[in-house]
Amino acid sequence: MAIEKKLAADTNGELREMIDAWATAVRAKEIESVMSHYLSDVLAFDVVGPLEYKGTDMLRQRLTAWFSSFFGPFGFEISNLEVEAGDYLAFCHSLNRVIGVKNDGEMVNMCWRATLCCRKIEGRWKITHSHTSVPFDPETGIASLDLEP
């Protein structure tokens, strides 16, 4: 039992390190470093359309557009990160926040929910699916962008 707990702790630590490296690359807007954490057949559901982004080419275009929509650097935080992992599959969920100034001068301070599904391939954890979402007001249909953890 002690060995199983140690393996689980090691696996969770590996995943947390990968997510931390991914988040550091996002903050730096280093697109190739960000993309290195995804499997080539990644499927991503984002807070903006289209309904899905299939593969790294499509995801790279989306992330490049997102990064370039900010004037200068921006803040990117991950909080409440939970990791559940087996030997080769894992899922993680968190609350994320971006803070920055858009190219049009609009200040953004937005939180969203995120889930990452990961697979261990040749000893490295890679993101195979990501899902981000924001709650909305069912009466108005407007996204609730001002919520905080």
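**View 1. C117 and the closest cysteine sulfur in the predicted model.** The sulfur of C117 lies 7.2 Å from the closest cysteine sulfur, that of C118, which is too far for a bond; a disulfide is taken as a pair of cysteine sulfur atoms within 2.5 Å. C117 is partly exposed, with a relative accessibility of 24% (buried, under 20% relative accessible area; exposed, over 50%; partly exposed, in between; 1.4 Å probe, protein chains only). This is a predicted model, in which local features need pLDDT of at least 70 and side-chain atom pairs count only at pLDDT 80 or more, while totals for chains, interfaces and linings use all residues. Residues are numbered from 1 along each chain as its sequence is written, and side-chain values use heavy atoms, with hydrogens and water left out.

View 2. The structure holds zero disulfides. C111 is in none, and the nearest cysteine sulfur, that of C92, is 19 Å away. C111 is buried, at 10% relative accessible area.

**View 3. Confidence along the chain.** The mean pLDDT of the chain is 92, with 94% of its residues at 70 or more (pLDDT, the predictor's confidence in each residue, from 0 to 100).
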